[in-house]
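Hello,

Here is the structure I said I would pass on. My notes follow below it.

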Amino acid sequence: MGSIRSYESSISVATHDSEPHLARYLYETVRTLAGLLVALPRRRLNDLTGKEWVRATKSWFVINPKPRTRVQVRHPAKYPEELVMHFLRFFTREDDWVLDPFAGVGSTLVACKEMQRNCVGIELNPEFVNIGEQHLTGVEGNSDAHLITGDAMAISALMKDYFGSNVPQFDFVMTSPPYWNMLRKSRGGNDSVHKQRRSNGLALYYSDMREDIGNIEEYESYIESMGRVFDGIRRHLNDRAYLVIVAQNMRDTDGEMKPIAWDLARRLSMTYTLRQEMIWCQDNKQLGCWGYPTTYVSNVHHHYCLVFQKKYP
Ligand SMILES: C[S@@+](CC[C@H](N)C(=O)[O-])C[C@H]1O[C@@H](n2cnc3c(N)ncnc32)[C@H](O)[C@@H]1O
């Protein structure tokens, strides 16, 4: 109010000048805008105390995934529920709606159920949906959890088929897409993982399906397809909704690094505002000796968690 009053007195000086109409107009506009700001209190983002808020904004953190169950291990790239919870605490409150368009075996849904958030996951491979559903039935909680089999590219049609006229609007998106077709390529650490999974009779990649984003061969087409998936998600989000997308820059078989996280950040910025990156570090992965003694090949034990927000006027 003080600032409006001081603005008012400066305007009254201006009205003695040669442009009284412009000054009046400016004054009225400022008053209207100030009134709107007072009338529209912003929704609290989370239930953290100030101290917890500050701690949660540190741009890197360590989460070491727990060993996966015998069934979960059938998925080649599950992320830990603790990672999801880290972001749920900051970007959501109880009863909010969360979306995961690449839900895998349902880690996002499990974390949401444990924290009393409602969640919808979309996953292309029905085998992973099955595993996720089994896991969900064992989790206590009475929030909504819907794991839908389908192609994230067709999100609007899927939602309409599933929810009819009651399609939820989402407050938050938490997901980890396929990191291009990297699971199909044997190199460095992935090579040993492949050998181990093959000897245990486990799948090396997500599926052979045409719609699987992890099967796109051309890098630029992969980035563009990801862009189109997230363009389609936009209309299902509430204003100011945040999105956290976990991705990793990866070394290709010819030794060149493909900056997947940075290229996704660039493409998705056409639809969303890129707010920050957070770095998820893993400190319990075995170090491998690649390239010694001639070639630099790093052990990549971190992921980018890209934070976007739905653009608002
Ligand atoms: C990195 S994994 C996600 C794992 C998940 N965060 C979890 O913890 O289980 C990516 C998933 O995207 C799925 N996927 C690939 N293309 C898809 C598409 N077009 N629509 C929906 N899911 C897709 C894959 O089957 C795979 O399970």
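Helix pair and sheet

The axes of helix α9 (residues 219-233) and helix α10 (residues 260-268) come within 9 Å and cross at roughly 45°. That angle makes α9 oblique to α10 (under 35 degrees counts as roughly parallel, over 145 as roughly antiparallel, 65 to 115 as roughly perpendicular, and the rest as oblique). Axes are lines fitted to C-alpha atoms, for helices over the stretch in contact, and angles run from 0 to 180 degrees between N-to-C directions. Helices (H or I, at least four residues) and strands (E, at least two) are DSSP runs, numbered from the N terminus.

This is a predicted model: local features need pLDDT of at least 70, side-chain atom pairs count only at pLDDT 80 or more, and totals for chains, interfaces and linings use all residues. Residues are numbered from 1 along each chain as its sequence is written.

In α9, I223, E224, M226, G227 and F230 meet D263, L264, R267 and L268 of α10; contact requires C-beta atoms, placed from the backbone, within 7 Å.

An open sheet has eight strands in the order β1-β9-β10-β6-β5-β2-β3-β4, with mixed pairing (two strands pair if DSSP finds at least two bridges between them). Its edge strands are β1 and β4 (145-149), each pairing on one side only. From one strand to the next, the twist averages 20°.

Strands β1 (residues 60-62) and β9 (residues 272-281) pair in the parallel sense over three bridges, with W60 opposite I279. By contrast, β9 pairs with β10 (residues 302-310) in the antiparallel sense over nine bridges, and Q276 stands opposite V307.

Regards

Key
Two residues are in contact if their C-beta atoms, placed from the backbone, lie within 7 Å.
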